[in-house]
Amino acid sequence: MNRKKKIDQIVRTAGLESQIGEAQTFGTMMRRMVRENKLAVISFGVIILFVLAAVFAPLLTPYTYDEMDLANRLAPPSAAHLLGTDEGGRDVFTRLLYGARVSLLIGIVPTLLSMAIGAALGILAGFAGGKTDTVIMRIADVMLAFPSILLAMVLMYMLGDGLINIFLTLSIVNWASVARVVRAETLRLKELEYVEAARVTGVSRSKILLRHILPNCIPTLIVLFTLNVPSSILTESGLSFLGLGVQPPAASWGLMVNQGRQYLYTAPWLSFAPCVAIMLTVLAFNFLGDGLRDVMDPHLQK
Amino acid sequence: MSGILLEARNLSRDFPAGHQKVVHAVSDVSLQIGEGETLGIVGESGCGKSTLGRMLIRMIPPTSGDVLFRGKAFSEMKETEFHPIRRELQMIFQDPYASLNPRMNVRDIIAEPLETWHVCAGKEETTQRVLELMRDVGLPEEFLYRYPHQFSGGQRQRIGIARAIAADPSLIVCDEPTSALDVSVQNQILNLLRELQQARGLSYLFISHNISVVRHISDRIAVMFLGKICETGPTEKVFSAPRHPYTKFLLEAVPQPDPRKRTETTALLQGEPPSPIDPPSGCRFRTRCPHATERCAAEEPALKETAAGTEAACHMIA
């Protein structure tokens with residue numbers, strides 16, 4: 001067994017193996033990540049677990065998220081209430097599960113949406129230059145000039161409550177910074193010789209964007225994604241705190257952190273549980289993002 | 001040399017340099033490249049060689065002047081009309097590290113021109129064609145799905161060459177294709193370029209600052225100084241009887257490997273090259289030329305035929 005490995009090694013280093021191998025596909029990349037990056041796999045597992053917990057929340061707990069039990073206010077964790085109860089006697093574990101529905105959606109959907117908008121506009125601005133660039137970037141500047149929470153408040157006032165409106169608001173607030181970063185990256189990439197080579201070859205502009213510029217923006221986009229997921233979750237909690245996001249008795253992690261703030265000394269579990277949930281989610285996305293970035297980078301192969 | 005493939009007529013290109021200043025990168029250059037011919041362009045850094053090369057394949061528009069491909073003027077063609085000619089005019093780049101997309105494997109890089117021009121029907125045929133091209137440029141076929149960073153400079157340059165020849169162009173602008181490579185590898189690449197030329201009837205515009213490399217590969221050469229051609233002619237004639245003082249200096253500056261043939265009195269050019277933002281009046285070389293007279297400051301010399309069968313732009317040549 002060991003000997004066979006050794007022979008394989010020798011054959012490989014001597015270049016005696018004359019097979020072509022296979023091209024990287026999405027499948028081979030994923031298989032490689034499973035093999036080489038356990039942390040990314042575990043992270044993916046954690047995210048799936050959270051999603052399943054959110055979806056099957058009613059099956060996992062005997063309580064409902066708004067079921068009050070005033071006799072049992074601010075109860076510490078126990079067998080009946082795994083993570084204790086809040087100031088209305090509602091089960092924190094149950095609220096955590098239901099809150100995951102809102103918070104995971106808010107962490108992921110507006111982030112993806114704002115990144116899609118920001119990346120598209122940023123690449124367009126950087127690649128087209130001239131007037132297109134000026135118009136897009138001045139709009140982005142205006143967006144960035146407002147404090148983001150203020151902008152979000154104004155938008156929520158205008159649009160009204162509701163999950164869809166929170167998605168829209170967070171996307172509108174976040175796209176500009178994504179566009180800035182992607183534009184800068186595009187400006188750098190489009191001057192590179194391989195982009196010039198593609199132009200000499202006669203490749204169309206849209207293909208240059210899709211094959212040469214966008215794939216080389218992916219590491220940047222992954223980093224932005226992992227940064228924007230927690231920021232979206234927390235912005236939502238800020239909006240909820242101001243009475244503009246999810247309203248109690250409905251639950252979201254951000255809202256729960258805020259609610260628990262008043263009882264930080266007497267009932268720390270109120271804030272602690274959703275904080276840990278947010279942290280685990282953020283870490284999971286971070287590690288998964290790192291794993292995806294590494295596995296897509298040809299330099300780190302083999 | 002059968003017919004003329006590409007012709008430049010009075011090509012000039014200025015670049016804005018801020019503060020209303022202008023860099024005269026290329027000024028009034030005319031040249032011809034024949035079918036299957038290699039024209040070498042030599043000159044020091046910043047003399048406008050690369051700008052000239054890119055204008056000839058319409059990657060940079062000229063400020064004035066025109067380029068004719070098989071008699072058709074670029075200036076009379078819209079981008080859509082020019083598009084089929086894009087395939088005929090390819091380029092090999094100086095930096096084999098920057099000219100290959102790090103996220104594409106060799107197959108996809110070489111297949112890009114084949115796909116762009118619909119050379120092959122279907123993926124399978126394209127891959128077969130890529131393998132043939134890899135064989136043509138001396139890359140083992142097991143490299144098919146590797147990525148650029150797994151290769152040496154010379155191998156990367158072979159990938160760049162395979163990409164350039166994939167869609168069967170008629171002219172390739174080689175922009176210093178060997179200057180980033182080891183000397184031993186330079187020769188392999190030059191020989192490969194020559195083999196491909198013979199097999200495919202390619203024309204080259206070979207740009208280099210290395211006069212020995214240009215001599216090795218070119219049928220004719222043009223020596224450029226500060227955006228202008230100062231001497232041009234068949235390679236051996238220019239080398240055996242250089243007429244323009246700048247050409248003479250260039251040839252003298254080539255290191256002589258045989259110590260017995262070395263002379264003590266190698267004349268070296270003094271001073272810095274003049275700025276292309278504010279070129280000297282008259283002859284552009286006059287500020288560095290040991291033979292300069294008042295006439296050189298007043299009057300710009302035109303390219304004239306010399307006794308040796310070359311053309312040189314110098315008042316001192318009778």
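Which residue in S5(B) does Phe69(B) stand opposite?

Reply: Lys72(B) is the residue in S5(B) that faces Phe69(B). Bear in mind that this is a predicted model.

Start with the two strands. S4(B) covers residues 64–69 and is joined to S5(B) by 2 bridges. The two run antiparallel. Strands in a sheet pair through hydrogen bonds of the backbone, in a parallel or an antiparallel way.

Now the sheet around them. S4(B) and S5(B) belong to an open sheet of 4 strands in chain B. Its order is S2-S1-S4-S5, and the pairing is antiparallel. The edges are S2(B), residues 22–34, and S5(B), residues 72–73. Each of these edge strands pairs on one side only.

A loop lies between strand S3 (38–42) and helix H1 (49–56) of chain B, and Ser45(B) is in it. Is Ser45(B) buried or exposed? Ser45(B) counts as exposed, because 9 C-beta neighbours lie inside 10 Å and the cut-off for exposed is 12 or fewer. Phe225(B) is 180 residues away in sequence, yet the C-alpha to C-alpha distance is 9.5 Å.

Step back to chain B as a whole. It has 10 helices and 12 strands. Of its 318 residues, 44% count as buried. Its C-alpha atoms fill a box of roughly 70 × 55 × 45 Å along the principal axes. The radius of gyration is 21 Å; a compact globule with 318 residues would have one near 20 Å, so the value agrees. Among contacts between residues at least 6 apart in sequence, 65% join residues at least 24 apart.

Chain A is built of helices: 12 of them, with 0 strands. Its C-alpha atoms fill a box of roughly 75 × 65 × 30 Å along the principal axes. Of the 302 residues, 39% count as buried. In chain A, residues 24 or more positions apart account for 67% of the contacts with a separation of 6 or more.

One helix pair in chain A shows the packing well. H7(A), residues 148–159, and H8(A), residues 163–190, have axes that come within 9 Å and cross at roughly 145°. The crossing is right-handed. On the H7(A) side, the residues that meet H8(A) include Leu151(A), Leu155(A) and Met156(A). On the H8(A) side, Leu168(A), Ile172(A) and Val173(A) are among them. The residues of this contact divide into 9 nonpolar, 3 polar and no charged.

Finally, the chains meet. 22 residues of chain A are in contact with 28 residues of chain B. Two elements give two or more residues to the chain A side: H9(A), residues 193–201, and H10(A), residues 205–241. H9(A) gives the largest share, 7 residues. This side of chain A holds 10 nonpolar, 9 polar and 3 charged residues.

Terms used: Residues numbered from 1 in each chain as written. Chains lettered and ligands numbered in written order. Predicted model: local features only at pLDDT ≥ 70, side-chain atom pairs only at ≥ 80, totals over all residues. Buried ≥ 20, exposed ≤ 12 C-beta atoms within 10 Å, placed from the backbone. Contact = placed C-beta atoms within 7 Å. Rg over C-alpha atoms; globule rule 2.2 N^0.38 Å. Pairing = 2+ DSSP bridges. Nonpolar A, V, L, I, M, F, W, Y, C, P; charged D, E, K, R; others polar. Axes fitted to C-alpha atoms, helices over the stretch in contact; angles between N-to-C directions. Left-handed = near helix turned anticlockwise from the far one by under 90°.
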